[in-house]
Amino acid sequence: MPANPQNDDELEVWIDQDLCTGDGICAQYAPDVFELDIDGLAYVKDETDELCQEPGAAVRVPLPLVLDVVDATNDCPGDCIHVRRTSDQVELHGPDAGALTK
């Protein structure tokens, strides 16, 4: 059986609901990753299509959807979507991208 090492380029995404405006742009860009809930806020969805409602819950970004997720992050009016590398948790897109870690 071949080994399945973690890909250093794998990304995950999460939403800060405290900043979410409920605009829904993210769900338009990547409906397989984002969805608005009954509370009017956006959440990420896991691989089983379930909303992840725990604060800070992150899901892996499927490779074919990386550009859509990045576009959603860049166009989000609430600036609440965070995309980070799974290997070291460095935020690559979103409000904390490029920020120095403590």
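A polar atom of the Gln17 side chain lies 2.8 Å from the backbone oxygen of Ala42. A polar contact is a pair of N or O atoms within 3.5 Å; within protein, one must be able to donate a hydrogen and the other to accept it, and residues adjacent in sequence count only if both atoms are side-chain atoms. The model is predicted: local features need pLDDT of at least 70 and side-chain atom pairs count only at pLDDT 80 or more, whereas totals for chains, interfaces and linings use all residues. Residues are numbered from 1 along each chain as its sequence is written, and side-chain values use heavy atoms, with hydrogens and water left out.

Gln17 is placed in the loop between strand E1 (11-15) and helix H1 (25-29). Helices (H or I, at least four residues) and strands (E, at least two) are DSSP runs, numbered from the N terminus. With a relative accessible area of 16%, Gln17 counts as buried (under 20%; exposed is over 50%, partly exposed in between; 1.4 Å probe, protein chains only). Leaving aside residues up to four places away in sequence, Gln17 touches Leu41, Ala42 and Tyr43; contact means heavy atoms within 4.5 Å.

Strand E3 (residues 42-45) pairs in the antiparallel sense with strand E2 (residues 34-36) over three bridges, and Tyr43 in E3 is the bridge partner of Glu35. Two strands pair if DSSP finds at least two bridges between them. E3 is also joined antiparallel to strand E4 (residues 51-52) by two bridges, where Lys45 stands opposite Leu51.

| Hairpin | Residues between the strands | Positive phi |
|---|---|---|
| E2 and E3 | five residues | Gly40, near 85° |
| E3 and E4 | five residues | Asp49, near 75° |
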